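Subject: Structure for your files, with notes

Hello,

Here is the structure I said I would pass on. Please look it over alongside the notes that come after it.

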Amino acid sequence: MKDLKEDPEKFRAYFRLSPELFSQLLIKITPKIEKIHTNMREPISPEERLAICLRFLATGDSFATIGFNYRVGNSTTGKIVAEVSQAIWDVLQPEYMPEPTTDDWVAIARAFEQRWNFPNCIGALDGKHVVLQAPPASGSKFYNYKGSHSIVLLAVVDANYMFTVIDVGGYGRNSDGGILSESPLGKHLKAGTLGIPGDTPLQGAEEKGPMPYVLVADEAFPLQRHIMRPYPGRQLPRVKRCYNYRLSRARRIVENAFGILSTQWRIYRRVLGICPEKADSVVKATCMLHNYMRKNDDTERAPQYPPNPTDNRFQEAGLEPLHQAGSNNSSREAALIREKFCEYFSSAAGEVPWQNDIV
């Protein structure tokens, strides 16, 4: 540990955090992870506990391998990883992933329009299966459509690759429908309790009337008033191809965020050999650390633009795409909203100069 601190590059490669961010994080979580000193023996220090947890997240090695490196037992390593992961979430969440307010959604929408040319967009929505070893006595709860066992990570990402809302722990077996509707995110979205701003006209297209703020998603998600998905099919007219391109341009941000996450934390390149409860804490901790690093500009090792998500090499061993997250039955209102976006993106007020060359 002392030798690593003398070489910041090696320290960052080993723990994925710079020495400065490691020290700041240690100060924040020490009250949560520090153990009482007794006359019997000295406890494992908070610094070593954090080091063990970060090394596990950075490599995905077994508890036996991590424990051997730090001279602690397997069960002790597992307990430390779970406790420190939960502490990272509890301490950092209010600052680095607070519950978005209406003003936050408006700011996110403004950034999406400026950077990715999609107005009234409050985030890119997607989900991944985090692959686990089959939990004992779990039956088919975690068995997904690809023949592996998993929990589901649903995430909403802003225009700067930051996670704004995550939901972890859905059963992998729900991959053929209902993942979104059964998640807290989907329930809040349906109940209208996410604090989403009121409808606002699109700039230059006031005649279309007020338009809702929406999440952009792929075909795995249902078309809803606040969720836009692409038009299905291949032989589409130009206006629909333009809409699909513009939606894909904004939606790829969440795919890129997952790519950055799996590049930074190699647990996503392996099958996790831990129980679902610990996996929930570990996944939440990595998402929180992702935001912690990006907000503090410690992202030089994380690629800004990971490989194309359609490339097979992008699919990591421990992260699998969702098959279908909800019903394909959409309301007439949702279809009409999509049609208005479609018309807007092909109008003089909403088109971008290069879209006709691409579609």
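Predicted model: local features only at pLDDT ≥ 70, side-chain atom pairs only at ≥ 80, totals over all residues.

Residues are numbered from 1 along each chain as its sequence is written, and side-chain values use heavy atoms, with hydrogens and water left out.

Overall

The chain has 13 helices and six strands; these are DSSP runs numbered from the N terminus, with helices being H or I of at least four residues and strands E of at least two. Of its 359 residues, 54% count as buried (buried is under 20% relative accessible area, exposed over 50%, partly exposed in between, with a 1.4 Å probe and protein chains only). Among contacts with a separation of 6 or more, 71% are between residues 24 or more positions apart; a contact means heavy atoms within 4.5 Å.

Aromatic rings

The whole structure holds 13 aromatic pairs. Rings of Phe, Tyr and Trp (its six-membered ring) pair if their centres lie within 6.5 Å; planes under 30 degrees apart count as stacked, over 60 as edge-to-face and the rest as tilted.

One of the pairs is phenylalanine 163 with phenylalanine 258, which is tilted, at 6.2 Å centre to centre and 50° between the planes. Phenylalanine 163 is in strand E3 (residues 163-171) and phenylalanine 258 in helix H10 (residues 238-264), so this pair ties together parts 95 residues apart in sequence. Both phenylalanine 163 and phenylalanine 258 are buried.

Tyrosine 231 and tyrosine 243 have ring centres 5.2 Å apart and planes at 70°, so they form an edge-to-face pair. Tyrosine 231 is in the loop between strand E5 (227-228) and H10, and tyrosine 243 is in helix H10, so the parts tied together are 12 residues apart in sequence. Tyrosine 231 and tyrosine 243 are both buried. They also belong to a cluster linked by ring pairs, together with Phe118, Phe341, Tyr344 and Phe345.

Two charges sit over rings (NZ of Lys or CZ of Arg within 6 Å of the ring centre and within 35 degrees of the ring normal). Arginine 55 is over the face of tyrosine 14, at 3.9 Å from the ring centre, and lysine 295 is over the face of tyrosine 96, at 5.3 Å.

Helices H4 and H5

The axes of helix H4 (residues 46-59) and helix H5 (residues 63-70) come within 10 Å and cross at roughly 140°. Axes here are lines fitted to C-alpha atoms, for helices over the stretch in contact, and angles run from 0 to 180 degrees between N-to-C directions. That makes H4 oblique to H5 (under 35 degrees is roughly parallel, over 145 roughly antiparallel, 65 to 115 roughly perpendicular, the rest oblique). On the H4 side, residues including Arg55 and Phe56 meet Phe63, Ile66 and Tyr70 in H5.

Positive phi

Most residues other than glycine have a negative phi. Arginine 71, not a glycine, has a positive phi of about 60°. Arginine 71 sits in the loop between H5 and helix H6 (74-96) and is exposed, with a relative accessible area of 80%.

Asparagine 117 also has a positive phi of about 60° without being a glycine. Asparagine 117 lies in the loop between helix H7 (102-116) and strand E1 (121-132), but is buried, at 17% relative accessible area. Leaving aside residues up to four places away in sequence, asparagine 117 touches Phe112, Arg246, Arg249, Phe345, Val352 and Trp354.

Regards
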